[in-house]
Amino acid sequence: MRAEAFNGHMEFMSPTDSMFLIAETREHPFHVGGLALYEPPAGASPEFVRELYEEMVAHTDFQPVFRKHPATILGGIANVGWTYDNDVDLDYHLRRSALPSPGRVRDLLELTSRLHSGLLDRHRPLWEAHLIEGLADGRFAVYTKLHHSLIDGVSALKLIMRTLSEDPADTEVRVPWDLPRKKREHQSPSLLRTVTDAAGAAVGIAPSTVKLARAALLEQQLTLPFAAPKTMFNVKIGGARRVAAQSWPLERFKRIKEASGVTVNDVVLGMCAGALRAYLLEQGALPDRPLIAMVPVSLRSENEADAGGNLVGSILCNLATDRDDPAERLTIISESMRGNKQIFAELPRVQALALSALMIAPLGLAAVPGFVKATAPPFNLVISNVPGPRQPLYWKGARLDGNYPLSIALDGQAMNITLANNGDNLDFGLVGCRRSVPHLQRMLSHLEDSLKALEVATGT
């Protein structure tokens, strides 16, 4: 059996890959994206970005993941097989754009919002890269997006990072499409891929095992799905997106961590909780009960740090948005995370897998007519902290200034917050439904205000 009307060979796709394609609609694009912001090297000519583009288009050796797209079998059967194009139209996939004057970061985010809203063309390999110049301060950006059926967000970030160098004098231009991919067992699963894999595995778990796992949380009075209040984020969404992005120095989080005896991720969650509270108050939409975040965390033990594969759990965290005091919120968040992680750590892995599946399985029902409107949300939003580079990186001598992951909004999950470490910074990427989450960029000011409030509350 072969694909029709395409010039490459065909292979059958995995059920998980197929699901991401079947679930995609105009309202629910299933690509992951990233916005990278670069500072040109000192003394760079005005033609630096044009020269960079010309060096990029000279790379015409495409790895398989950048050549494949869904095949059509027997004239009409779709979403079950991949076909590989032998001739990739690079002029289509790699695009050079310029911002209108005065070239503000706001203009860059508005362009990125539009780019992140559009569906990828399934008749071509499922990726795009946009080289964007025209910022008034001389910086330039690269926005990339790849379909989630091709690669998950964490793996895509790692792939982009492999094009960069720790040496600012390294002038070689590497591009992701001609880099050989590392073996899958060394890649971290994204949230959505973890969801589907965990849910699939949970189907075969005995009901008694699921019951025991659920009881473990109930006995500790910890957070379970559907305890979250209904909020303006937990609605059916449209197809247009708005994105927001900003960097914060990691040192600020570390000082609060040391002063309060919590983790850096607890501080991140506390910062997000304060911002969400302020945003919802501004919208007149703060519920009486606290918001619940789903936080993907590693459940790997210390002695497994160098082992292959990954063990990622879906932990629900009480964000304490019903509390006005930032220190009190941080304490509740830290206790919620520590308690939930402890329960997961003590469970056998099959039960931890079952619990993770229980937490996020309701997302799979969001497409059922009336489900989102009629039921309480399993949680209010996802806040994900993904690994990024620990040291400054360069691309043809241009320093990576910002590295903002942009994830996927879903029915019932109209806002997503994802962040990645980037040298001495934490870079936040926010994605929201343009219709359901008005003035998303206001969240950036609320995040800064919330971090300042934590600094004041902890005396840092």
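In which loop is A320 found? A320 sits in the loop between β10 (312-318) and α10 (326-346). The structure is a predicted model, and its chain comprises 13 helices and 15 strands. This briefing covers the chain as a whole, then the packing of its helices, and then individual residues.

**The chain as a whole**

- Of the 460 residues in the chain, 56% count as buried.
- The chain exposes about 19,400 Å², and carbon and sulfur atoms supply 53% of that area.
- Among the contacts in the chain with a separation of 6 or more, 78% are accounted for by residues 24 or more positions apart.

**Helix α9 against helix α13**

- Helix α9 covers residues 264-282 and helix α13 covers residues 442-458; their axes come within 8 Å and cross at roughly 125°.
- The two helices, α9 and α13, are therefore oblique to each other, and α9 passes α13 in a right-handed crossing.
- On the α9 side, the contact is formed by V267, G270, M271, C272, G274, A275, L276, A278, Y279 and E282. On the α13 side, these meet R442, M443, H446, L447, S450, L451 and L454.
- The residues of this contact of α9 with α13 divide into eleven nonpolar, four polar and two charged.

**Helix α9 against helix α10**

- The axes of α9 and α10 come within 9 Å and cross at roughly 130°.
- That crossing angle makes α9 oblique to α10, and the crossing of the pair is right-handed.
- From α9, the residues N265, D266, V267, L269, G270, A273, G274 and R277 take part; in α10 they meet R329, L330, I333, S334 and M337.
- The contact of α9 with α10 draws on six nonpolar, four polar and three charged residues.
- V267, G270 and G274 in α9 are among the residues that meet α10, and V267, G270 and G274 are also among those that meet α13.

**Helix α8 against helix α13**

- Helix α8 covers residues 250-260; its axis and that of α13 come within 10 Å and cross at roughly 35°.
- The crossing of α8 and α13 is left-handed.
- R252, F253, R255, I256, A259 and S260 in α8 meet E448, L451, K452, L454, E455 and T458 in α13.
- Five nonpolar, two polar and five charged residues make up the contact of α8 with α13.
- L451 and L454 of α13 take part in the contact with α8, and L451 and L454 also meet residues of α9.

- Helix α5 (residues 153-161) is mostly covered, with seven of its nine residues buried.
- The buried residues in α5 are V154, S155, A156, L157, L159, I160 and M161.
- Their cover includes β7, β11 (381-386), β13 (398-406) and β14 (415-422).
- Strand β7 spans residues 140-147 and contains T144.
- T144 has a relative accessible area of 13% and is therefore buried, the cut-off for burial being under 20%.
- Leaving aside residues up to four places away in sequence, T144 touches V32, G33, G34, E128, A129 and I160. One of these, I160, belongs to the buried set of α5.

**Backbone geometry in loops**

- Most residues other than glycine have a negative phi, and most peptide bonds are trans.
- A320 has a positive phi, near 55°, and is a residue other than glycine. A320 counts as buried, at 1% relative accessibility.
- K396 is not a glycine either, yet it has a positive phi of about 50°. K396 lies in the loop between β12 (394-395) and β13.
- At 13% relative accessibility, K396 counts as buried.
- S101 and P102 are joined by a cis peptide bond, with omega about 15°. P102 is placed in the loop between β5 (94-98) and α4 (105-117).

**An exposed loop residue**

- T60 lies in the loop between α2 (48-57) and β3 (68-70).
- With a relative accessible area of 57%, T60 is exposed, since exposure requires over 50%.
- T60 and D178 are 118 residues apart in sequence, while their C-alpha atoms are 7.5 Å apart in space.

Methods:
Residues are numbered from 1 along each chain as its sequence is written. This is a predicted model: local features need pLDDT of at least 70, side-chain atom pairs count only at pLDDT 80 or more; totals for chains, interfaces and linings use all residues. Side-chain values use heavy atoms; hydrogens and water are left out. Helices (H or I, at least four residues) and strands (E, at least two) are DSSP runs, numbered from the N terminus. Buried means under 20% relative accessible area, exposed over 50%, partly exposed in between (1.4 Å probe, protein chains only). Contact means heavy atoms within 4.5 Å. Accessible areas come from the Shrake-Rupley method with a 1.4 Å probe; for residues, only the protein chains shown count as cover. Axes are lines fitted to C-alpha atoms, for helices over the stretch in contact, and angles run from 0 to 180 degrees between N-to-C directions. Angles under 35 degrees count as roughly parallel, over 145 as roughly antiparallel, 65 to 115 as roughly perpendicular and the rest as oblique. A crossing is left-handed if the near helix is turned anticlockwise from the far one by less than a right angle, and right-handed if clockwise. Ala, Val, Leu, Ile, Met, Phe, Trp, Tyr, Cys and Pro count as nonpolar, Asp, Glu, Lys and Arg as charged, and the others, Gly among them, as polar.
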